[in-house]
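Please read the points below with the model open beside you. They take up helix packing first, then aromatic rings, and then a loop.

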Amino acid sequence: MNASRSGCPINLTLETLGDRWSLIVIRDLMFGDRRHFRELLTRSEEGIASNILADRLARLEKAGLVSRRDDPSHKQKVIYSLTEASIALVPLLAHMGGWGLRHTPASKELSVRAKILEDGGPKLWSEFMEELRHLHLGAPAPRESVFARLQSAYEAAVAEA
């Protein structure tokens, strides 16, 4: 790994996540339940190129933010999962989404999850993180699904658009 510009935690975070695509890949794993390369490639609203996606997945894996394992249903597929370190980004992504709601011309359908997370605050973020631990790390299932609530709201917004 290249030497860091400084030991400042903000700098180090930006060196890990500050490129154009890393947080988008994490977002798609987190909110889109896209676990295979092909899903990440073809269902990205931003249209990431395959070589860039492959590079970002490798970087995120090396940084300990994404793990990969063989898909038992297909020899040539792998399943990507969030790690505890990337699940810990939920509050950051919730704050970024809230900021984007207030300061950018975000579309309604792509804003609905951010609005729910902003309104739900730290309690909802914590519940979502527990569910992500279940989905990606094999922790026990939560009683209620925050992911289903976010997905349902998104699908309803898309249907209205």
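1. Helices α2 and α4 are roughly perpendicular to each other, a label that covers angles of 65 to 115 degrees, whereas under 35 degrees counts as roughly parallel, over 145 as roughly antiparallel and the rest as oblique. Their axes come within 10 Å and cross at roughly 80 degrees; axes here are lines fitted to C-alpha atoms, for helices over the stretch in contact, and angles run from 0 to 180 degrees between N-to-C directions. Helices (H or I, at least four residues) are DSSP runs, numbered from the N terminus.

2. This is a predicted model, in which local features need pLDDT of at least 70 and side-chain atom pairs count only at pLDDT 80 or more, while totals for chains, interfaces and linings use all residues. Residues are numbered from 1 along each chain as its sequence is written, and side-chain values use heavy atoms, with hydrogens and water left out.

3. Where α2 meets α4, the residues Ser22, Val25 and Ile26 of α2 face Leu53, Arg56, Leu57 and Leu60 of α4, contact meaning heavy atoms within 4.5 Å. These residues divide into 5 nonpolar, 1 polar and 1 charged, where Ala, Val, Leu, Ile, Met, Phe, Trp, Tyr, Cys and Pro count as nonpolar, Asp, Glu, Lys and Arg as charged, and the others, Gly among them, as polar.

4. A search of the whole structure finds 1 aromatic pair. Phe31 and Phe128 are stacked, at 5.4 Å centre to centre and with 20 degrees between the planes; rings of Phe, Tyr and Trp (its six-membered ring) pair if their centres lie within 6.5 Å, and planes under 30 degrees apart count as stacked, over 60 as edge-to-face and the rest as tilted. The pair links distant parts of the chain, since Phe31 belongs to α2 (residues 22-31) and Phe128 to α7 (residues 108-137), 97 residues apart. Phe31 is buried at 10% relative accessibility, and Phe128 is buried at 0%, where buried means under 20% relative accessible area, exposed over 50% and partly exposed in between (1.4 Å probe, protein chains only).

5. In the loop between α2 and α3, which residues deserve a look? His36 is found there and is buried, with a relative accessible area of 18%. Leaving aside neighbours within four places in sequence, His36 is in contact with Asp71, Lys77, Val78, Ile79 and Tyr80. Asp33, also found in that loop, counts as partly exposed at 33% relative accessibility, and its phi is near 50 degrees, a positive value in a residue other than glycine.

Conventions. Helix = DSSP H or I, 4+ residues; strand = E, 2+ residues; numbered from the N terminus.
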